[in-house]
Amino acid sequence: MKKKEHRRKRKRPNHLGPKKNEMLAHEEDTKTNNYEVKEIGGICVNVHNDESARRRKSKEPSKASSFLDKMRARLSGGHFRMLNEKLYTCTGEEALNYFQGDPSLFEVYHAGYKTQMANWPDQPVNVIINWLKRQSPSLVVADFGCGDAHLAKSVKNEVFSLDLVSKDPNIIACDMSNTPLGSSSVDVAVFCLSLMGTNFQSYLEEAHRVLKPCGWLLIAEVKSRFDPNTGGADPVKFSNAICELGFDSMSQDFSNKMFILLYFKKKNKPSTQKKEIEWPVLKPCLYKRR
């Protein structure tokens, strides 16, 4: 019995032969990509290749992630353009109600805004910050449409940061035409790319109300909005309208490719004669789909 068992065992092949085994290994590797052929003790066998599997898995998600990232960027860009158009084509009160109904939309807008601004070689808010740093730190500032309150975080001055939505205790959520600031309570009023509502003139009237006599009004706006050749407002007419509101024009800076800067001072004595001001229409700054 023992001899028969021994013979039966010897008849069993220990392997299929190097060539055949290598061929099977290649076939298995082709199917799964998780095996590779290695020679062990003179025999070619299939060995599970963990590193190969890891490489394969790492490459597949990266392609999917790249595609998803592109789709998210497109959706985010489209959402930003929609919200941007909304802000330029409604009143401040309508914008306030819209974003307070869903504050997350305001975050979407500002995320898109930052993406757009990243393409600008210079940031107008930085020019205004540098101007403020050259003034007395005792000047009180009102930042109309402050966004993430970058201006307030960059200067020593007391700054009232105003915008439509606030998730920061230092930002006051309000309509730019109806702020909680007292009359003649601030020294500098800033509008940095924030004259967006169809009733923008009421924002400037509010700035006039809260400014002290001889207080500064600083306006930074997209240059295309003041190009009459492309449907923008005449900057001279715009400046004249602000002067009729009760300001003196101090200087204008058109040197930047992307934006203009206008500097005004509130008149020391307000005019006793009130007349209807003819405000030019400011062209909306709408971003094209890329």
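Me: Which residues in helix 8 meet which residues in helix 9?

Reply: The model is predicted, and in it Phe200, Leu204, Glu205 and His208 of helix 8 are in contact with Phe238, Ile242, Leu245 and Gly246 of helix 9. By class, this contact has 5 nonpolar, 2 polar and 1 charged residues.

Me: At what angle do the axes of helix 8 and helix 9 cross?

Reply: Helix 8 spans residues 200-210 and helix 9 spans residues 235-246; their axes come within 10 Å and cross at roughly 40°. Helix 8 is therefore oblique to helix 9. An angle under 35 degrees would have counted as roughly parallel.

Me: Is the crossing of helix 8 with helix 9 left-handed or right-handed?

Reply: Helix 8 passes helix 9 in a right-handed crossing.

Me: Let us turn to the strands. How many bridges join strand 3 to strand 4, and do these strands run parallel or antiparallel?

Reply: As a general idea, the side chains of a regular strand alternate between the two faces of the sheet. In this structure, strand 3 (residues 141-144) is joined to strand 4 by 4 bridges, and the two run parallel. Phe144, for instance, has Leu162 in strand 4 as its bridge partner.

Me: Which residue of strand 5 stands opposite Asp163?

Reply: That residue is Ala173. Strand 4 is joined to strand 5 (residues 171-173) by 3 bridges, and these strands also run parallel.

Me: Is Ala149 buried or exposed?

Reply: Ala149 is buried, because its relative accessible area is 4%, and the cut-off for buried is under 20%.

Me: Where does Cys214 lie, and what is its phi?

Reply: Cys214 belongs to strand 7, which covers residues 211-222. The phi of Cys214 is near 70°, again a positive value in a residue other than glycine.

Me: How does Cys214 count in terms of accessibility?

Reply: Cys214 has 39% relative accessibility, so it counts as partly exposed. This class lies between buried, under 20%, and exposed, over 50%.

Technical notes. Residues are numbered from 1 along each chain as its sequence is written. This is a predicted model: local features need pLDDT of at least 70, side-chain atom pairs count only at pLDDT 80 or more; totals for chains, interfaces and linings use all residues. Side-chain values use heavy atoms; hydrogens and water are left out. Axes are lines fitted to C-alpha atoms, for helices over the stretch in contact, and angles run from 0 to 180 degrees between N-to-C directions. Angles under 35 degrees count as roughly parallel, over 145 as roughly antiparallel, 65 to 115 as roughly perpendicular and the rest as oblique. A crossing is left-handed if the near helix is turned anticlockwise from the far one by less than a right angle, and right-handed if clockwise. Contact means heavy atoms within 4.5 Å. Ala, Val, Leu, Ile, Met, Phe, Trp, Tyr, Cys and Pro count as nonpolar, Asp, Glu, Lys and Arg as charged, and the others, Gly among them, as polar. Two strands pair if DSSP finds at least two bridges between them. Buried means under 20% relative accessible area, exposed over 50%, partly exposed in between (1.4 Å probe, protein chains only).
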